[in-house]
Amino acid sequence: VGCHQQNGEGIRGVYPSLAASPVVLGDPGPMAAWIVKGRRPPVTPAGRYPTIMPQFVWLKPEDVAALLTYLRSSFGNHAPAVAVDTVTGALDP
């Protein structure tokens with residue numbers, strides 16, 4: 001909530017919006033890698049936001065899939081659920 005806000009709209013120029021976000025609505029693999037490993041997706045170039053996504057390395061693939069599914073179906077978003085296999089594949093080295 002502190003970063004992306006309760007409504008998912010983020011803070012302009014500081015934290016990106018989760019609503020209608022191409023990262024949230026696109027291929028879930030890059031978003032999973034960003035959440036867990038801090039790998040910024042190509043559609044969100046470095047320098048666009050001065051903040052860095054914390055790495056949530058303790059999350060299990062099942063938790064990441066549930067989180068991504070929630071983000072993809074909240075804040076006005078309408079995207080399919082994310083399978084655990086998709087997350088596992090994205091987190092492989």
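**Note on helix 2 and its surroundings**

1. Asp-27 caps the N-terminal end of helix 2, with one of its side-chain oxygens placed 3.0 Å from the backbone nitrogen of Gly-29. This distance, like every other value in this note, is computed from a predicted model. Beyond the other end, helix 2 is followed by Gly-38, a residue whose phi is positive, near 75°.

2. Helix 2 itself spans residues 28-37 and is mostly covered, since eight of its 10 residues count as buried, that is, they have under 20% relative accessible area. The buried residues are Pro-28, Gly-29, Met-31, Ala-32, Ala-33, Trp-34, Ile-35 and Val-36. Their cover includes helix 1 (22-25), helix 3 (61-72) and helix 4 (84-91).

3. In the protein as a whole there are four helices and zero strands, and the order of elements from the N terminus is accordingly α-α-α-α. Buried residues make up 33% of the 93 residues, and, of the contacts with a separation of 6 or more, 47% are between residues 24 or more positions apart.

4. The radius of gyration of the protein is 12 Å, which agrees with the value near 12 Å that a compact globule of 93 residues would have. Along the principal axes, the C-alpha atoms fill a box of roughly 35 × 25 × 20 Å.

Note on methods: Residues numbered from 1 in each chain as written. Predicted model: local features only at pLDDT ≥ 70, side-chain atom pairs only at ≥ 80, totals over all residues. Heavy atoms only, no water. Helix = DSSP H or I, 4+ residues; strand = E, 2+ residues; numbered from the N terminus. Rg over C-alpha atoms; globule rule 2.2 N^0.38 Å. Buried < 20%, exposed > 50% of the residue type's maximum accessible area, 1.4 Å probe, protein only. Contact = heavy atoms within 4.5 Å. Polar contact = N/O pair within 3.5 Å; in protein donor to acceptor, adjacent residues only side chain to side chain.
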